[in-house]
Every structure is written in C-alpha cells, then in structure tokens.
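Hi,

Here is the structure I promised to pass on. Have a look at it first, and then read my notes below.

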Amino acid sequence: MNRSGNKWALLAISLVFAVIYLFPLYWMYITSVKSQSEVFATPPTFWPHSTDFGIYATVWVRRAVPSYMWNSLVIASGVTAITVFLGTGLAYVLARHRNIWIDVGLFAVLMLQVLPASVMVTPLFVAFNQLGLLEWPRTAVILGASAKAMPFFVVLVRATFMTVPRELEEAALVDGNSRPGAFFSIVLPLARNGVLVCAILTFMSAFGEYVYAKSIIQEPGLQPASVGLQSFLGPNTKDWNSIMAYSAMYVTPILGLFVLLQRRIVSGLTSGALK
Amino acid sequence: MDGIGFDIALATLSLAFLLALAGVPLLYNVLMSFQQVDMFSLGSLIRPWAGLDNYRAILAQPEFGLVMRNTAIFVIGSITGQFVLGFGLALYFNQNFPGSSTIRGLFLVSWVMPGLVVGAIWSFILAGDFGVLNALLQMTGIIDEPIFWKSNPALSLYAVIIANIWLGLAFNMLLLSVGLASIPRDLYEAAELDGATRWQRFYTITLPMMRSTIGAVLSLGLIGTMQQFDLFPAITEGGPANTSNVAQFWAWQMSFKLYDFAKGATISVMMLVLVLIASVVYVRSTRSEVRG
C-alpha cells in the first residue's frame with residue numbers, strides 16, 4: 001500500500017471539506033462585488049461576470065459605516081479593558097489557592113458563564129433605567145457585556161496561570177519581592193501570551209455584540225455595527241449586495257486578526273475550555 | 001502565606017463586579033416575574049405583588065405551546081447536527097496527514113464572526129427565489145421547485161437551525177479533537193493486533209474514552225444553543241407567525257417590542273431553570289479537569 005499517496009488523498013479530501021464549510025464567506029465577498037442584476041441571476045454565477053467595487057464606497061457613506069464601526073470599537077475596547085483588568089486577578093487567585101471558598105467562587109463563575117444574554121437583558125435594562133445609566137447607553141452596554149464576557153475569560157486565563165510553576169513565585173518571594181511584586185514581575189509576564197489570546201477572543205466577541213446594544217442604545221449615532229446591519233436586514237430585503245458589502249467591511253478586520261493568530265487562538269481555547 | 005490581602009483584594013474586586021452586574025440582576029429578574037411591571041411602576045423597586053399571575057398569563061398565551069415546541073426542536077436539532085458533523089470531522093482530522101491541524105483551525109472562523117453577519121449571509125444563501133442553496137439543490141436535481149426556507153411556516157425554524165449548525169460545528173469539532181488526541185495510540189494498535197475491526201475499535205475504545213468529553217460538549221452545546229439569539233433577528237425575526245420563535249427571542253420580544261417587562265422576566269426565569277440544569281451537568285463533567 002502506498003502510504004504517502006494515501007496521505008495526500010486525505011489532505012485533498014480535507015480541503016474539499018474546508019471549501020464547502022467556508023463557502024458562505026466566499027459567497028459574502030463575491031456577492032458584494034456583483035452588480036445588482038447579477039445578484040438576482042438564476043442560476044447564480046459562482047464567479048462574477050463584472051465586478052463593481054464602488055458599492056463599498058457607497059455603503060460606507062450611505063450606511064454610516066464609520067460611525068457604527070467606531071461604536072463597535074469603543075464597546076469592544078471597553079469590554080476588553082474591564083474584563084482583562086478585573087478578570088486576570090480573579091483567574092490568578094482561583095488558580096493559586098485550594099480551599100472551600102475557591103471552590104465556591106469557581107462554581108459561581110462557571111454558573112455565570114451559562115447565563116444567556118437574552119435572559120439578563122431585561123433586568124439589566126430595568127435596573128439601568130432606575131439608576132439613570134441609560135443616559136450613557138454605551139457605558140451601560142460595556143458594563144453589561146463585561147459581566148457577560150468575564151466568566152469565560154476567567155476560566156481560560158485560570159488554565160494559563162495553572163501552567164506557571166508555583167516554585168518560581170516562591171523563589172521571588174524568598175528573594176525579597178512583595179506578593180504583588182512577585183505577581184507583576186514574575187507570574188504576569190510568564191502568563192502574558194495566554195492572557196493576550198484570551199483578551200483578543202474577548203475583543204472579537206464584544207465586537208459582534210448585539211443583544212445588549214440593540215436593547216439599550218436607542219440613538220443610531222451611538223449604535224454598533226451589529227445593530228446597524230440588522231436595521232437593513234428586514235424579511236423582504238432586496239439590497240443583498242449592499243448587505244454583503246457591509247458585512248464584509250464589518251467582518252474582515254476580525255478575520256484578519258483570526259488568520260494572524262489562528263494557531264494561538266486554537267491552543268488557548270483548547271487548554272482552558274476542556275482538556 | 002504572607003500578603004494574602006493582595007489576593008483577597010484581587011478576587012473581591014472582580015467578584016463584587018460580577019455580583020453587581022450578573023448576580024443581582026438575576027435575582028431582580030426573579031423578583032420582577034412576581035410583580036406587576038408597567039410604564040408607571042418601571043422606575044420603582046416596590047411594585048404591586050402579582051403572585052403567580054405572570055406565570056399564568058404566559059401559560060395562557062396562545063403561542064406558548066408553539067414556542068416551547070420550537071425551542072425543543074431548535075435545541076435538539078442544533079445539538080444533533082453540530083455534534084454529529086463535528087464528531088465526524090474531528091475523527092477525520094484525527095488521521096495523520098500534512099496540514100491537518102492548520103486546515104482544522106480554519107474552520108474556527110465561524111466561531112469568531114459576529115452572529116449578525118453569519119445570520120445575514122445565511123439569510124441570503126437560504127433566500128427562496130435567488131438563494132444559492134436552492135440553486136445548488138436544483139442543479140443537482142435534488143429538488144424541482146425552489147424551497148422557501150424563511151417564509152414557509154413548516155421550514156422557517158429549520159432555516160435558523162441550519163445556520164446555527166454551521167456556526168457551532170467548528171467549536172464542537174475542536175473540543176472533540178482535543179478529546180480524541182488524548183487517547184493513547186497504543187490502545188488502538190493493541191486492538192488492531194487482536195483483530196478488532198474499525199467499528200469495534202470505535203465502539204470499545206473511542207466512545208468509552210471520550211465519555212467525559214462528550215458529556216461536556218453536549219452540555220456546552222445545550223448552553224450555547226439556549227444562548228443563541230443573533231441568528232433570529234437576522235434570518236426570520238421569529239416569523240412567520242411565530243413558527244420560528246424560541247423562548248430566548250420570545251422573552252426579548254416581550255420586554256423590548258411589547259414593553260411587557262414582567263412577562264419578559266417570567267419567560268427568562270422559566271428558561272433559566274433549563275439552563276441551570278444543563279450547567280450542573282457541564283460543571284460536573286468538567287470538574288475534574290477544571291479543578292486540576
């Protein structure tokens with residue numbers, strides 16, 4: 001039997017699987033540059049006869065893409081900052097100690113991880129309304145989404161901290177470092193990569209956040225790109241090349257980031273979520 | 001250990017944040033489901049007590065049965081599809097061939113994409129008159145007439161399920177791959193020497209060794225499916241006539257379309273009970289790994 005030939009056959013079939021799976025992405029990009037009439041052609045063309053990149057400029061202006069993208073960026077940055085700032089410390093403590101309180105804390109974090117945003121949004125909205133926080137809707141969304149993102153971040157980052165040998169930290173303490181000193185100068189630098197990957201994952205998911213933003217932010221000028229996309233997605237829409245162009249502009253930065261960091265993201269995810 | 005105060009400070013700060021923005025709202029939700037909430041009492045904490053009235057009202061809604069049935073179909077259909085296809089691909093990519101881990105990693109793009117974008121793309125793919133799925137099915141002769149996935153009441157729910165399977169498949173595959181990789185190779189070699197067939201090896205080695213992984217993946221699938229929201233506003237908006245509506249979208253509609261926050265809270269509480277059951281299974285099946 002030809003074993004190496006067998007391997008190339010396996011590779012070829014796996015590429016076919018990947019092409020089928022990634023077809024929706026291809027279809028998004030290819031539809032966005034088709035002319036309006038070609039979009040509705042039956043049967044559809046799998047390679048466009050004529051391309052029109054002008055749609056991107058049109059959608060960019062007419063659909064206020066810069067404003068929507070800016071708001072997505074603000075929300076994602078805010079969520080990531082809060083999550084990393086508060087989550088890293090919690091993950092570290094949960095990784096370092098073993099007692100009944102840690103077990104309780106860990107259980108609480110795992111339970112919070114499963115709460116659906118659509119369940120949490122009703123009480124959050126009513127409470128924010130009572131506290132007057134709806135005056136600053138983006139801040140309100142950032143706070144709610146951070147609480148949603150943090151448990152997953154903590155579970156993943158905790159797994160990273162578990163891999164940092166305790167002895168290194170104890171040696172630093174013996175050398176006269178304070179406990180915070182050992183944390184910031186020894187443990188954190190060693191766990192840097194893992195924390196960074198989890199921060200990027202948090203950023204990506206907050207960049208696509210929809211439920212909280214749709215429910216809490218009423219003013220179009222403050223809404224993120226997910227809400228902007230939904231606003232022209234009605235059930236009877238015909239404007240598919242514009243929608244696909246908008247989607248492409250929205251998703252391409254994330255795809256770029258993903259392709260750059262694919263290997264790290266995959267290993268970061270697998271170490272924490274499950275082993 | 002000296003300087004334990006530092007650790008306590010770190011943990012307290014974050015736990016206080018989580019308590020304020022997740023724990024308290026959760027309890028507040030339960031409280032609201034027993035209160036009368038309307039535009040006048042929205043701003044006050046003490047509202048007229050409603051007892052079980054909200055729950056009775058939800059059960060009496062004409063669409064209650066339909067939505068519950070849809071939720072069950074959505075959850076079971078999505079999990080089955082994600083798991084079976086994810087497991088199949090995980091087994092395939094577990095074979096040793098060049099580029100296997102890189103190509104497998106590519107699948108994960110679906111997981112980092114905004115849900116609304118995934119929904120928009122699938123909404124176009126599934127369109128009845130000019131959608132590419134219908135075109136492909138007609139070209140290959142599987143169907144003669146175009147299928148109106150989104151507007152046919154019998155199919156609208158399945159339109160969302162198809163998109164959700166695509167979305168969740170990669171994550172299932174990744175987690176199952178990790179489980180497969182941890183099974184020692186020599187177990188298979190020994191079984192092969194003893195003359196076990198491929199199916200026997202799968203049934204007597206792979207499945208038993210993967211038991212805790214499968215438990216965790218299925219309960220994560222249940223949790224993820226109950227959290228899935230973005231595809232509904234993007235593809236069907238729950239329609240036509242609630243035929244693709246599920247509990248999580250219905251709860252949101254009650255609060256933010258009809259401004260009936262008490263009913264929204266009530267549906268959420270009912271859903272929560274289900275999610276908590278799933279999460280107990282999940283916590284139990286990951287406990288050994290997570291606690292290290």
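What pattern does chain A follow when read along the sequence? The answer is α-α-α-α-α-α-α-α-α-α-α-α-α, and the count for chain A is 13 helices and zero strands. Do keep in mind that this is a predicted model.

A few overall numbers for chain A. Along the principal axes, its C-alpha atoms fill a box of roughly 75 × 70 × 30 Å. Chain A has 275 residues, and 48% of them count as buried. If you take the contacts in chain A between residues at least 6 apart in sequence, 74% of them join residues at least 24 apart.

One helix pair in chain A that I looked at is α4 (residues 65-96) with α10 (residues 192-207). Their axes come within 8 Å and cross at roughly 145°, and the crossing is right-handed. On the α4(A) side you'll find A:S72, A:I75, A:A76, A:V79, A:T80, A:T83, A:V84 and A:T88, and they meet A:V195, A:A199, A:T202, A:F203, A:A206 and A:F207 of α10(A). Sorted by class, that contact has nine nonpolar and five polar residues, with no charged ones.

Now for the two chains together. Chain A puts 83 residues into the contact and chain B puts in 84. On the chain A side, helix α13 (residues 240-273) gives the most, with 15 residues. That side of chain A divides into 58 nonpolar, 20 polar and five charged residues.

Then there is the core. The largest nonpolar core has 164 residues, and those with the most contacts inside it are A:V141, A:V154, B:V117, B:A120, B:V160 and B:A163. Helix α8 of chain B (residues 156-181) supplies the largest share of this core, 17 residues. To see what surrounds A:V141, leave out residues up to four places away in sequence: A:V141 then touches A:I75, A:Y212, A:A213, A:I216 and A:I217.

Last, have a look at helix α6 of chain B (residues 115-125). Why is α6(B) largely enclosed by the rest of the structure? Because 11 of its 11 residues are buried. Among them are B:V117 and B:A120, both already listed for their contacts inside the largest core. The buried set also includes B:G115, B:G119, B:W122, B:S123 and B:F124.

Over to you!

Definitions and conventions. Residues are numbered from 1 along each chain as its sequence is written. Chains are lettered from A and ligands numbered from 1 in the order in which they are written. This is a predicted model: local features need pLDDT of at least 70, side-chain atom pairs count only at pLDDT 80 or more; totals for chains, interfaces and linings use all residues. Two residues are in contact if their C-beta atoms, placed from the backbone, lie within 7 Å. Helices (H or I, at least four residues) and strands (E, at least two) are DSSP runs, numbered from the N terminus. Ala, Val, Leu, Ile, Met, Phe, Trp, Tyr, Cys and Pro count as nonpolar, Asp, Glu, Lys and Arg as charged, and the others, Gly among them, as polar. A nonpolar core is a set of buried Ala, Val, Leu, Ile, Met, Phe, Trp, Tyr and Cys residues joined through C-beta atoms within 7 Å. A residue is buried if 20 or more other C-beta atoms lie within 10 Å of its own, exposed if 12 or fewer, and partly exposed in between; C-beta atoms are placed from the backbone. Axes are lines fitted to C-alpha atoms, for helices over the stretch in contact, and angles run from 0 to 180 degrees between N-to-C directions. A crossing is left-handed if the near helix is turned anticlockwise from the far one by less than a right angle, and right-handed if clockwise.
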